[in-house]
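Please take a look at the sequence and the structure below.

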Amino acid sequence: MSAVFRAAQLCQQVQTDMVQTDAVEKADRSPVTVADFGSQALICQAIGEAFPEDVIVAEEDSQALQENPQLMQRVTGYVDSFAAAIPSTQTVCDWIDRGGGEVGERFWTLDPIDGTKGFLRGDQYAIALALIVNGEVKLGVLGCPNLPQKLDDPQAQRGCLFVAERDKGTQMLPLDGQDSERIHISEATHRFAESVESTHSDLDTHAQIAQQVGIIDPPIRMDGQGKYGVLARGEASVYIRLPNPATPDYRECIWDHAAGMIVVEEAGGVVTDVDGQALDFSQGRRMTGNRGILATNGKLHPQLLECISSQSPLAVD
Ligand code: AMP
Ligand code: MG
């Protein structure tokens, strides 16, 4: 938890003094920043120290840094400021590459910045870490540095940490370090949460489904796994992620959902894919056996699955 906390501080610092060259494009054209690398280095170092035998499956690797000395220097500078020990450039790369493990019996999965596009816009993003043992998520930590402690209160402090342990509930802590509180889903039917990026899901169909279940309030659009957090604390009743019609074969990455899933489940909610299948984190870096995501307060789950199956062209086959 303290590693995610430090990573959150690093990300906030980078977001404050970000320069254009701090972001580069990956081979799949998605962005990656100094903060993604710095956050991954800090968290992998901490796990490596606490659990030297443990495998980490994380989103980034150090290749882009090795090819870009300017970026490398920026990352090392930030990691220097937030790490317990002062690392060399090579050490920072080694820490990042601890995240290159394989999915197995026991492993951690990490998204050092989930919602990098939101981070670059100055909006929402999350640092997401989960421990998976025998296919079951046992622990999830979600750091959301820009998330207001109450969505509807413009005066609310920003910065929340969600922590969920299997069978022990979900806690929310303010990032500025006050007491934690146990959070719960709400049984009431109110807003949907969904991605900001229109290519990551099917926003038009979401709107039709919301109408079918009588939701009239506009959706909460948010980058990264903060969506699971707002569902877990009762501000949304659904987080829906129908596959975008342009990328029907897209399969979700494990680090984009493992921490969020347990945060919602331990707050009393239900998480499956859009076909009602349990999420399977045992297949590799992507959930090859699942399509999209449906997370709800539990009460709405059966009705939503029914709406989805009647919308889906696959249901006709
Ligand atoms: P969000 O902020 O909820 O949209 O989630 C961001 C994540 O969406 C990124 O970490 C990507 O892994 C993932 N992503 C990228 N392309 C797609 C796609 N076509 N469909 C669904 N998710 C995607
Ligand atoms: Mg992500």
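A residue is called buried if its relative accessible area is under 20%, exposed if that area is over 50%, and partly exposed in between, using a 1.4 Å probe and the protein chains only. Helices (H or I, at least four residues) and strands (E, at least two) are DSSP runs, numbered from the N terminus. With these terms, helix H9 (residues 258-265) can be described as mostly covered, since 7 of its 8 residues are buried. The buried residues of H9 are Ala 258, Ala 259, Gly 260, Met 261, Ile 262, Val 263 and Val 264.

This is a predicted model, in which local features need pLDDT of at least 70 and side-chain atom pairs count only at pLDDT 80 or more, while totals for chains, interfaces and linings use all residues. Residues are numbered from 1 along each chain as its sequence is written, chains are lettered from A and ligands numbered from 1 in the order in which they are written, and side-chain values use heavy atoms, with hydrogens and water left out.

Next comes the metal. Which residues coordinate the magnesium ion (ligand 2)? They are Asp 111, Asp 114 and Asp 256, each through OD, at 2.0 to 2.4 Å. Donors here are N, O and S atoms within 2.8 Å of the metal (3.2 Å for Na, K and Ca); water is not among the atoms, so sites may look incomplete. Along the chain, the donors of the magnesium ion follow the spacing D-x2-D-x141-D. Asp 111 counts as buried because its relative accessibility is 1%. Asp 114 is buried too, with a relative accessible area of 8%.

Asp 114 and Asp 256 also belong to the surroundings of ligand 1, which include Ser 195, Thr 199, His 200, Asp 223, Gly 224 and Lys 227 as well. A residue is near a molecule or strand if one of its heavy atoms lies within 4 Å of it. Lys 227 has a polar side-chain atom 2.5 Å from an oxygen atom of ligand 1. A polar backbone atom of Gly 224 is 2.7 Å from an oxygen atom of the ligand, and an N or O atom in the side chain of Asp 256 is 2.7 Å from an oxygen atom of ligand 1. Taken alone, ligand 1 exposes 500 Å², of which the protein buries 84%. Such accessible areas come from the Shrake-Rupley method with a 1.4 Å probe; for residues, only the protein chains shown count as cover.

Lys 227 itself lies in helix H8 (residues 226-232). Lys 227 counts as buried because its relative accessibility is 2%. Its C-alpha atom is separated by 21 Å from that of Lys 168, 59 residues apart along the chain.

Two loops are worth a look. Asn 134 is in the loop between strand S5 (126-133) and strand S6 (136-148), and has a positive phi of about 50° although it is not a glycine. Asn 134 counts as exposed because its relative accessibility is 60%. The loop between strand S7 (158-165) and strand S8 (169-174) holds Asp 167, whose phi is also positive, about 70°, although it is not a glycine. Asp 167 has 70% relative accessibility and so counts as exposed. Arg 166 lies in the loop between S7 and S8, but is buried, with a relative accessible area of 16%. The side chain of Arg 166 reaches the backbone oxygen of Val 137 at 2.9 Å.

Finally, the cysteines. How many disulfides does a search of the whole structure find? It finds 0, where a disulfide is a pair of cysteine sulfur atoms within 2.5 Å. For Cys 253, the nearest cysteine sulfur is that of Cys 44, 16 Å away. Cys 253 counts as buried because its relative accessibility is 7%. Cys 307, in helix H10 (residues 301-311), is buried at 8% relative accessibility.

Notes:
A polar contact is a pair of N or O atoms within 3.5 Å; within protein, one must be able to donate a hydrogen and the other to accept it, and residues adjacent in sequence count only if both atoms are side-chain atoms.
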